[in-house]
Amino acid sequence: MRILLAEDDNMIGSAVREALLQDGYVVDWLRDGPRADAALAAGDYDLVLLDLGLPGKEGLDILRGLRARRKTLPVIIITARDAVESRVAGLDAGADDYLVKPFDLDELAARIRSALRRSAGRTGPGLQLGGVALDLARRSVQRDGAPVTLSAREYAIVEALALRPGAILSRAQLEERMYGWGEEIESNAVEVHIHAIRRKLGAEFIRNVRGVGYYIPRPDGAA
Ligand code: CA
C-alpha cells in the first residue's frame, strides 16, 4: 500500500511517516502543496493524508482538483483547524475522514485501515483466496490455516494483487507498491519476490501474463 503524506510540519510529518513505515506502508512525504498536487496527478496512491494549511497550495484546493479529475482514492484530512465549518468544507470537498491535530497515531492507523477497507468494498479486515487467507489489519498470511511468513516486500505484492483478484498489475505497478521515492529499485526484484511467494503460497497462487504483468485469480474461478 502506497500512501502520500502531504504535511509541512516537520515534527508531525516525521512522526506520522515513521508510524506508517512501521505498519509496512510505502510512504511519500511531501511538504508543500504544488509538489503534493503534482505527485497525486502522476502517481498511483492507495490513500492520501492531507494537511489543509500547506505552503503554495491549500489542501482543500488539492482535494477539489483530485476529485475533479475523478480520482476516488481515500483522502483523510489531518489538520489543526477544528472549526465545524472547516470540517464540513473538507468532507464536502470529497474527504473521506477528518482528524484534528494533535491526534493519536493508533487512531490514525485505525482510520487508515478503515478507509482502505471501504475503498476496497470490504467490511471486515480479512480476504480469502482459495486456501490463502490475508488479515489486512495484522498484515499476516495463512495457507490452509497455517501461518506463513512473508517479507515486507513479498507481502506488499500479495496485498496489491489480492485486493483486486483477476486484475493484472504490471511490474512497474508492483514496484510502486514496494518502494518509496528515492529508494533504489533492484532489477528483477519483482520476479525474485514472486518466485519466493509461489514457493510459500503455491505455484499457482500468482499467475503471470507474459509481457503484461501478474494477477491472482478470482476465488470464484471467473477471469
Ligand atoms: Ca500545515
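An angle between two elements here is taken between lines fitted to C-alpha atoms, for helices over the stretch in contact, and runs from 0 to 180 degrees between N-to-C directions. With that convention, helix α6 (residues 152-162) runs at about 100 degrees to strand β7 and lies across β6, β7 and β8. The model described in this report is predicted.

## The antiparallel sheet and its helices

Strands β6, β7, β8 and β9 form an open sheet in that order, and their pairing is antiparallel. The edges are taken by β6 (126-129) and β9 (146-148); each has a single partner strand, so one side of each lacks a neighbour in the sheet. From one strand to the next, the twist averages 25 degrees.

Two pairings in this sheet can be followed residue by residue. β6 and β7 run antiparallel and are joined by four bridges. Leu-127 has Leu-134 as its bridge partner in β7. Two residues lie between the strands in the hairpin of β6 and β7, where Gly-130 takes a positive phi near 60 degrees. Strand β7 (residues 132-135) also pairs with strand β8 (residues 140-143), in the antiparallel sense and over four bridges. There, Asp-135 stands opposite Ser-140 in β8.

Helix α6 is mostly covered, with nine of its eleven residues buried. Among the buried residues are Tyr-155, Ile-157, Val-158 and Leu-161, and also Glu-154 and Glu-159. The buried residues of α6 pack against β6, β7 and β8, and against α7 (171-178), α8 and β11 (213-215). Helix α8 (residues 189-201) lies across β7, β8 and β9, at about 50 degrees to β8.

β4 pairs with β3 in the parallel sense over three bridges. In this pairing, Val-48 stands opposite Val-75 in β4. Five of the five residues of β4 are buried, so the strand is largely enclosed by the rest of the structure. The cover is on both faces: Val-75, Ile-77 and Thr-79 are buried on one side, and Ile-76 and Ile-78 on the other.

Helix α5 (residues 105-119) has 15 residues and reaches 21 Å from its first C-alpha to its last, close to the 21 Å expected at 1.5 Å a residue. Its buried residues are Leu-108, Ala-109, Ile-112, Ser-114, Ala-115 and Leu-116. An α-helix has 3.6 residues a turn, so residues three or four places apart point the same way. The buried residues of α5 pack against β1 (2-6), α1 (10-22), β3 (47-50), β4 (75-79) and β5 (97-100).

Asp-104 caps the N-terminal end, with a side-chain oxygen 2.8 Å from the backbone nitrogen of Asp-106. Just after α5, Gly-121 takes a positive phi of about 75 degrees.

## The calcium site and residues around it

Which residues coordinate the calcium ion? They are Asp-8 (OD), Asp-51 (OD) and Gly-53 (O), at 2.1 to 2.4 Å. In sequence, these donor residues are spaced D-x42-D-x1-G.

| Residue | Relative accessible area | Class |
|---|---|---|
| Asp-51 | 4% | buried |
| Gly-53 | 30% | partly exposed |
| Glu-7 | 0% | buried |
| Gly-59 | 0% | buried |

Glu-7 has its place in the loop between β1 and α1. Leaving aside residues up to four places away in sequence, Glu-7 touches Ile-12, Gly-13, Trp-29, Leu-30, Arg-31, Asp-51, Leu-54, Ile-78 and Lys-101. One of these contacts, Asp-51, is a calcium donor, and another, Ile-78, is a buried residue of β4.

Gly-59 is in helix α3 (residues 59-68). With residues up to four places away in sequence again set aside, Gly-59 touches Leu-50, Asp-51 and Leu-52. The C-alpha atoms of Gly-59 and Arg-81 are separated by 12 Å, and the two residues are 22 residues apart along the chain.

Note on methods
Residues numbered from 1 in each chain as written. Predicted model: local features only at pLDDT ≥ 70, side-chain atom pairs only at ≥ 80, totals over all residues. Heavy atoms only, no water. Donors = N, O, S within 2.8 Å, 3.2 Å for Na, K, Ca; no water. Buried < 20%, exposed > 50% of the residue type's maximum accessible area, 1.4 Å probe, protein only. Expected span 1.5 Å × (residues − 1). Contact = heavy atoms within 4.5 Å. Polar contact = N/O pair within 3.5 Å; in protein donor to acceptor, adjacent residues only side chain to side chain. Pairing = 2+ DSSP bridges.
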